[in-house]
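Please keep the sequence and the model in view while reading the points below.

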Amino acid sequence: MILEHLPAIFTPARPVLQRIEEAGFEAYFVGGCVRDTILGDPIHDIDIATSAYPSEIKAIFKRTVDTGIEHGTVMILDHGNGYETTTFRTESGYQDYRRPDSVTFVRSLAEDLKRRDFTINALALRENGQVIDLFHGLQDLDNHLIRAVGDPNERFHEDALRMMRAVRFAAKLDFRIDQPTLAGIEQNAPLLSKIAVERIQVEFEKLLLGQNPVAGLTDFLTTGLYKYCPGLQNAGDDLSGLLKLRGWNLENSAQAWSLLCLQLGLSGKAIAAFLKQWKNSNDLIRQVKKILPVVAAMRDHQLTPLVLYQAGWASVHDANQVAKLYGWAVPDAELKAAYEQLPIKDHQELAVDGRTLIQSGIKPGPRLGKILQRITQAVVMGQAVNDRAALLRLAQKYSEKEE
């Protein structure tokens with residue numbers, strides 16, 4: 001197979017492969033960039049594999065960086081671009097089910113490709129557009145099939161994260177996993193407990209953001225992988241509820257994790273505890289905590305101006321994307337109009353602040369904070385005009401009631 005028109009991302013890298021070939025070695029684009037080129041999907045980076053050993057690559061190119069030389073990876077710096085180039089290799093001994101105990105450099109492309117995870121990722125591409133397919137990966141792409149290269153049990157013992165990658169690809173590409181590979185995942189699912197949570201988190205998040213998450217989640221559940229993920233050991237029934245949802249169109253991490261927390265029925269401190277188990281950032285936890293109350297308000301038909309104000313537009317939008325899956329959403333235009341009609345959208349827009357209230361005679365302390373909060377709510381709910389003099393009078397009124 002010859003690809004006549006390669007995406008622009010390959011253009012500056014082609015001379016790099018040409019120089020390696022001119023030196024008497026083989027060089028190919030490999031992995032996901034080849035798969036996505038054939039599928040017509042966006043490409044974010046490219047990987048190069050070569051028969052040249054690291055020392056030979058460094059002799060060909062003047063500027064290189066040893067990014068992972070013990071595993072055969074050298075970054076070639078060329079015209080302002082960096083290209084990670086890895087020597088063909090074989091691997092052996094995977095005591096941690098993730099990294100090889102030893103790596104052996106080889107000259108054979110076939111030896112290198114047969115250690116890769118799935119046939120659709122075991123494709124190589126010459127700089128002239130010729131596709132090298134040694135394991136029927138092109139056929140599997142045509143058939144929308146995810147199939148392990150060789151024995152699935154061997155591939156998953158080499159790297160147990162590959163099981164999560166399989167279900168992630170099922171969601172991302174809307175492919176099905178072939179039966180022997182699926183059986184291999186079910187048989188080896190307990191090995192997932194050997195993998196760092198951070199790595200599982202990346203794959204699971206991509207699954208939820210795929211074009212058909214139900215496909216990936218179905219395999220995630222039927223193989224039992226979920227039992228070896230943080231906080232999901234006994235969540236099979238709750239997770240199965242996600243399979244009934246249609247029209248998935250999640251756009252970002254905050255939406256994905258908000259959906260999961262909602263489906264698991266988490267609230268309060270349980271949200272933060274669960275998300276921390278998954279090694280999510282504090283920023284994402286804050287986002288989820290802002291999104292979920294808005295979703296609940298949509299569900300209960302109690303989406304007030306105060307709820308919109310407290311969440312902010314980004315969280316309101318994210319909440320609506322989650323609510324759409326359950327049929328609770330507000331039409332986008334209507335929701336945007338409601339938000340734009342808020343008297344203020346940020347506390348800085350309020351005509352008074354804490355300093356103003358202190359200057360008016362209200363003493364600093366918790367009582368002042370409560371008064372400011374009540375003033376803000378009154379303005380947001382349309383019960384008071386956002387005018388300095390009017391709000392100072394209202395503050396005095398609240399202050400007298402507090403005394």
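D174 is placed in the loop between helix 7 (161–173) and strand 11 (176–177); helices (H or I, at least four residues) and strands (E, at least two) are DSSP runs, numbered from the N terminus. The model is a predicted one, in which local features need pLDDT of at least 70, side-chain atom pairs count only at pLDDT 80 or more, and totals for chains, interfaces and linings use all residues. Residues are numbered from 1 along each chain as its sequence is written, and side-chain values use heavy atoms, with hydrogens and water left out.

**Loop residues with positive phi**

- D174 is not a glycine, yet D174 has a positive phi of about 60°.
- With 36% relative accessibility, D174 is classed as partly exposed; buried means under 20% relative accessible area, exposed over 50%, and partly exposed in between (1.4 Å probe, protein chains only).
- K279, in the loop between helix 13 (269–277) and helix 14 (282–299), has a positive phi of about 65° although K279 is not a glycine.
- The relative accessible area of K279 is 49%, and K279 is therefore partly exposed.

- Strand 1 is joined to strand 2 (residues 47–50) in the antiparallel sense by 4 bridges, and Y28 has A49 as its bridge partner in strand 2.
- Strand 1 also runs antiparallel to strand 8 (residues 123–125), with 2 bridges between them; A124 in strand 8 stands opposite V30.
- Strand 2 and strand 5 (residues 81–87) run parallel and are joined by 3 bridges, with T85 in strand 5 as the bridge partner of I48.

**Helices on the sheet**

**Helix pairs**

- Helix 9 (residues 197–208) packs against helix 12 (residues 253–263) at an angle of about 90°, with the axes 9 Å apart.
- Helix 9 and helix 12 are therefore roughly perpendicular; angles under 35 degrees count as roughly parallel, over 145 as roughly antiparallel, 65 to 115 as roughly perpendicular and the rest as oblique.
- Q201, F204, E205 and L208 of helix 9 make this contact with S253, A256, W257 and L260 of helix 12.
- The axes of helix 9 and helix 10 (residues 213–222) come within 8 Å and cross at roughly 135°, and the two helices are therefore oblique to each other.
- From helix 9, F204, L207 and L208 take part in this second contact, and from helix 10, P213, G216, L217 and F220.

**Cores and individual residues**

- The largest nonpolar core has 120 residues, of which F29, F204, F220, L232, L239, W248 and I375 touch the most other members; such a core is a set of buried Ala, Val, Leu, Ile, Met, Phe, Trp, Tyr and Cys residues joined through side-chain atoms within 4.5 Å.
- A second, separate core of 9 residues includes Y28, V30, F88 and I132.
- Q321 lies in helix 16 (residues 313–326) and is buried, at a relative accessible area of 4%.
- Not counting residues up to four places away in sequence, Q321 touches N249, L250, E251 and Q255.
- D47 belongs to strand 2 and is partly exposed, at 37% relative accessibility.
- Beyond its neighbours within four places in sequence, D47 is in contact with Y28, F29, V30, C33 and E84.

Notes. Pairing = 2+ DSSP bridges. Axes fitted to C-alpha atoms, helices over the stretch in contact; angles between N-to-C directions. Contact = heavy atoms within 4.5 Å.
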